[in-house]
Amino acid sequence: MIDEASAQLGAQQGAFLVPTLATYEAMALYGAEYGLDAVSLERNRHVLSAGLTSLEIARGAGMRIAFGSDLLGQLHHLQSREFMIRSDVMSPLEIIQSATLTNAELLRREGELGIIEPGALADLIAVDGDPLANIALLGEGSKHIPVVIKDGQVTKDARSASDWNRHSTRS
């Protein structure tokens with residue numbers, strides 16, 4: 001949770017904010033199943049709401065907002081929900097940039113990560129659709145991500161042969 005004064009100071013000092021709101025949403029969805037009592041579930045609901053408000057305050061102050069998730073184990077599959085949660089406050093472009101360009105800055109790997117340029121690491125995904133028009137395409141795990149390229153190598157290709165034929169170039 002962050003207030004305006006803290007967000008202003010963070011922006012002035014060049015701090016990064018890495019909200020992990022998907023964690024609180026996951027607890028809201030599965031907390032009771034994993035043993036959270038009613039008081040904890042209500043507190044969690046409040047923290048998620050306050051987290052969105054904090055995100056809005058930080059964005060307004062000009063803080064650099066990076067992308068992350070604290071989800072592990074059985075809830076790890078929900079980490080990409082962060083894309084959709086943030087869409088209440090941020091534009092799809094801002095969300096994608098937070099996961100690419102801003103994370104590269106956070107890791108001090110500008111020019112190497114988060115860009116598509118010669119000399120940068122070739123970690124890319126292909127998305128079925130336009131995430132700038134529908135950020136949910138990135139918020140449902142790998143459901144809408146048929147191709148993953150890691151270190152320049154295709155590590156996932158779920159396209160059918162007809163997809164290959166339709167998109168291939170012929171000489």
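Reader: What volume does the largest pocket have?

Author: About 1,300 Å³. A pocket is an open set of points on a 1 Å grid over the protein atoms alone, with protein on both sides within 12 Å along at least five of seven lines. The volume is the space filled by probe spheres set on the points, which are joined across faces, edges and corners. This is a predicted model, where local features need pLDDT of at least 70, side-chain atom pairs count only at pLDDT 80 or more, and totals for chains, interfaces and linings use all residues. Residues are numbered from 1 along each chain as its sequence is written, and side-chain values use heavy atoms, without hydrogens and water.

Reader: Which residues of the lining lie nearest the centre of the largest pocket?

Author: Phe83, Ala99, Thr100, Asp123 and Ile125, out of 33 lining residues. Lining residues have an atom within 4 Å of a point. α5 (92-99) is one of the elements supplying at least two. α5 gives the most, with four residues.

Reader: How does the lining of the largest pocket divide by class?

Author: Into 20 nonpolar, ten polar and three charged residues.

Reader: How much space lies in the second largest pocket?

Author: About 190 Å³. Its lining has eight nonpolar, three polar and no charged residues.

Reader: Why is Leu107 called exposed?

Author: Its relative accessible area is 52%. Exposed means over 50% (1.4 Å probe, protein chains only), so Leu107 qualifies. Leu107 is found in the loop between α6 (101-106) and β3 (124-126).

Methods: Buried means under 20% relative accessible area, exposed over 50%, partly exposed in between (1.4 Å probe, protein chains only). On a 1 Å grid over the protein atoms alone, a cavity is a set of points where a 1.4 Å probe fits but cannot get out, and a pocket is an open set with protein on both sides within 12 Å along at least five of seven lines; lining residues have an atom within 4 Å of a point. Ala, Val, Leu, Ile, Met, Phe, Trp, Tyr, Cys and Pro count as nonpolar, Asp, Glu, Lys and Arg as charged, and the others, Gly among them, as polar.
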